[in-house]
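I wanted a record of how the parts of this structure meet and of a few local details. These are my entries, in the order in which I looked things up.

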Amino acid sequence: MNAATMHPKDQTYPPSYASPLLEVSGVTLQYKTRDLLVTATRDVSFEVYPADRFVLLGPSGCGKSTLLKGVAGFLKPVAGFMRLNGQMIDGAGPDRMMVFQDFDQLMPWKTVLENVMFPILVSRRFPRAEARARAMASITKVKLGKFADAYPHMLSGGMKQRVAIARAMAMEPAILLMDEPFAALDALTRRQMQDELLQLWDDTRFTVLFVTHSIEEAIVVGSRILVLSPHPGQVKAELNAHQYGHDHQGGSDFMALSQKINTMLFAEGHHG
Amino acid sequence: MAEITPLPVARLSPPIRPEFERTTPPVSDAAEIERPLSLWEHLANMEGVRRGAIVVALMVAWQVYAVWLSNPLMFPTLTDTLSALWDGLVHGVLLQRIGATLQVLMTGYAIGIALAAMLTTFAVSSRLGADLLATLTAMFNPLPAIALLPLALLWFGLGVPSLVFVIVHSVLWAVALNTLTGFLGVSETQRLAGQNYGLRGVRYVALILIPAAFPSILSGLKIGWAFAWRTLIAAELVFGVSSRSGGLGWFLFEKRNQLETDQVFAGLTCVIIIGLLVEGLIFRTIEARTIRRWGMSRG
Ligand SMILES: Nc1ncnc2c1ncn2[C@@H]1O[C@H](COP(=O)(O)OP(=O)(O)OP(=O)(O)O)[C@@H](O)[C@H]1O
Ligand SMILES: [Mg+2]
């Protein structure tokens with residue numbers, strides 16, 4: 001199905017709307033361990049358009065992280081292909097910045113500022129002279145300006161995740177990959193971070209591929225949701241969620257969508 | 001299986017207290033939320049200061065005991081030892097001996113580290129390398145370096161090359177093993193993040209793996225240093241007078257033969273002081289500037 005046919009004349013979309021930013025087509029990803037071949041996802045296809053907040057949603061172990069690793073270039077598909085801006089994805093690269101779930105993704109031997117500058121410097125995406133200013137701007141955006149010179153071990157979990165987001169955003173990647181970035185946070189901080197992410201998106205309209213296994217988070221954060229079946233992950237549905245934010249939580253539409261996804265995920269889960 | 005009988009419990013219920021709500025006053029002076037530590041707290045926090053106090057106590061005990069014993073041939077006093085030390089450093093050969101020892105040590109240490117770097121690079125880049133390093137370390141790590149001295153003498157003759165060989169042996173395995181362990185322990189997330197920035201090969205090792213594994217590497221360097229220092233002094237005791245330039249170990253042996261016990265004590269003091277300086281000053285400083293500042297180690 002081509003999503004472009006659904007809003008052909010919508011003027012609010014950028015002209016590049018007709019061509020997807022990220023194209024994942026018939027992708028099967030496998031892990032080879034010593035005595036086991038695990039198929040993590042099977043024949044997954046989806047398209048992400050510029051400024052999408054595209055959510056991969058599915059039960060634990062369905063291969064969401066694996067898909068994200070595939071897009072990041074850490075894993076090669078055994079079948080199908082992935083294209084970014086029309087270019088085949090081959091290996092990891094700084095045009096796709098990943099925000100991981102764990103707090104230890106920051107380099108403990110660098111300060112917050114150095115952490116955010118590091119990818120800019122080593123990837124030479126921007127001139128050296130700009131690195132500091134860009135990093136600082138990004139850190140300010142996630143409200144950590146006062147902590148620029150602190151080391152990661154002096155930060156709380158939520159602050160570390162903010163730094164990781166700032167680091168990824170400072171690179172202005174073609175697409176931002178986020179693997180359950182808020183999963184390890186408490187409910188309050190998580191909600192605050194979701195709001196901040198949406199605010200940031202509203203400012204700069206980046207494209208993000210966001211993994212979660214929380215239905216609520218998917219609806220609030222996502223503009224479009226890809227629902228995956230339990231292991232091995234296959235596409236079950238692609239749904240719109242751009243109309244819902246935190247304000248709609250508890251509303252009947254929101255609840256209906258949530259219920260619908262819930263049924264999709266768990267109704268037949270016990271047989272399969 | 002016997003059935004579990006629960007202990008009789010008095011059925012307590014918590015008292016029900018009135019609720020309250022408060023508006024927290026704004027923290028204006030931020031006094032106790034964040035403040036620099038006082039001088040005294042700083043001193044007590046400094047391990048060097050605490051340890052220094054213990055050393056002073058031991059020195060006092062030594063002096064008191066030696067004066068009481070009053071047998072300079074067997075156990076000279078602290079003051080005699082210190083004056084012998086001063087003499088040896090200023091007028092005698094002690095400084096020269098220390099220089100000779102340190103020179104051999106640095107040569108051996110540097111070669112050992114270079115070899116360890118090569119071996120671990122090979123080990124992280126190929127399975128054969130990993131197996132090779134694992135096997136070699138398993139074989140040679142338990143072998144005391146000093147046990148190789150007779151063989152070294154046979155191969156390299158009486159002189160500095162034999163000493164260097166033994167030191168290389170004592171440094172190499174400890175450093176290589178620790179570095180490899182450190183590399184293998186670098187978390188998956190750190191590795192993926194590094195690859196994400198487009199780092200490959202040497203840059204990846206230098207910018208991600210080495211700093212991430214630094215706690216382990218540093219402890220390897222410390223162990224290697226400790227092995228090397230002990231091995232060298234022992235080796236010099238056995239032989240060491242290749243030419244005019246004997247080392248500290250040779251100094252100890254010579255002075256004992258001449259029954260200049262205070263000189264022997266002075267030599268031993270030098271061995272301890274150098275050991276302390278390297279461990280307590282050089283390695284401590286490196287540690288404080290790196291892994292403790294980064295929160296990768298406590299202590
Ligand atoms: N390194 C690995 N080696 C072998 N199998 C793996 C590896 N990583 C993941 N798998 C397997 O691949 C499948 C998908 O894992 P993945 O981590 O992608 O799930 P997920 O959807 O991200 O789950 P969660 O929501 O719990 O994070 C699982 O069955 C898992 O056992
Ligand atoms: Mg996952």
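**Entry 1: a backbone angle.** I began at N85(A), which lies in the loop between β4 (79-84) and β5 (87-88) of chain A. Helices (H or I, at least four residues) and strands (E, at least two) are DSSP runs, numbered from the N terminus. I read phi of N85(A) as near 55°, a positive value in a residue other than glycine. I noted as background that most residues other than glycine have a negative phi, and most peptide bonds are trans.

**Entry 2: ground rules.** The model is predicted, so I kept in mind that local features need pLDDT of at least 70 and side-chain atom pairs count only at pLDDT 80 or more, while totals for chains, interfaces and linings use all residues. Residues are numbered from 1 along each chain as its sequence is written, chains are lettered from A and ligands numbered from 1 in the order in which they are written, and side-chain values use heavy atoms, with hydrogens and water left out.

**Entry 3: a cis bond.** I then checked the peptide bond from H231(A) to P232(A), and it is cis, with omega near -10°. P232(A) sits in the loop between β9 (224-228) and β10 of chain A.

**Entry 4: aromatic rings.** I wrote down one of the pairs, Y244(A) with F254(A), which is edge-to-face at 5.9 Å centre to centre and 85° between the planes. This pair links distant parts of the chain, 10 residues apart: Y244(A) is in the loop between β10 (235-240) and α7 (252-266) of chain A, and F254(A) is in helix α7 of chain A.

**Entry 5: the two domains of chain A.** The domain assignment of chain A gives domain 1 (3-95 + 174-271) and domain 2 (104-172); such bounds come from an automatic or database domain assignment. I found their C-alpha centres 25 Å apart. In contact (heavy atoms within 4.5 Å) are 15 residues of domain 1 of chain A and 14 residues of domain 2 of chain A. The two bury about 1,100 Å² between them, 70% of it on carbon and sulfur atoms. Buried area is the accessible area (1.4 Å probe) that two parts lose on being put together, summed over both.

I counted two salt bridges between these domains, a salt bridge being a side-chain nitrogen of Lys or Arg within 4 Å of a carboxyl oxygen of Asp or Glu. E196(A) forms a salt bridge with K143(A), with the closest N and O atoms 3.6 Å apart. On the side of domain 1 of chain A that touches domain 2 of chain A, β7 (175-179) and α5 (187-204) each supply at least two residues. α5(A) gives the most to that side, with six residues. By class I listed 10 nonpolar, three polar and two charged residues there. Ala, Val, Leu, Ile, Met, Phe, Trp, Tyr, Cys and Pro count as nonpolar, Asp, Glu, Lys and Arg as charged, and the others, Gly among them, as polar.

**Entry 6: the two domains of chain B.** Chain B is divided into domain 1 (46-75) and domain 2 (81-289). Each contributes seven residues to the contact. I noted 29 Å between their centres, taken over C-alpha atoms. They bury about 600 Å² between them, 59% of it on carbon and sulfur atoms. In domain 1 of chain B, R51(B), W62(B) and L73(B) lose the most area to domain 2 of chain B, together 62% of what that side buries. The count of salt bridges between these domains is one. I also looked up R51(B) and E279(B), whose side chains meet in a salt bridge (3.9 Å, N to O). The side of domain 1 of chain B that touches domain 2 of chain B has five nonpolar, no polar and two charged residues.

**Entry 7: chain B against chain A.** I found 20 residues of chain B in contact with 24 residues of chain A. The two chains bury about 2,000 Å² between them, 60% of it on carbon and sulfur atoms. How many salt bridges does the rule find across this interface? It finds zero. α8 (188-196) and α9 (201-212) of chain B each supply at least two residues of the side of chain B that touches chain A, and α8(B) gives the most, with six residues. By class, I listed 10 nonpolar, seven polar and three charged residues on that side.

Methods: Rings of Phe, Tyr and Trp (its six-membered ring) pair if their centres lie within 6.5 Å; planes under 30 degrees apart count as stacked, over 60 as edge-to-face and the rest as tilted.
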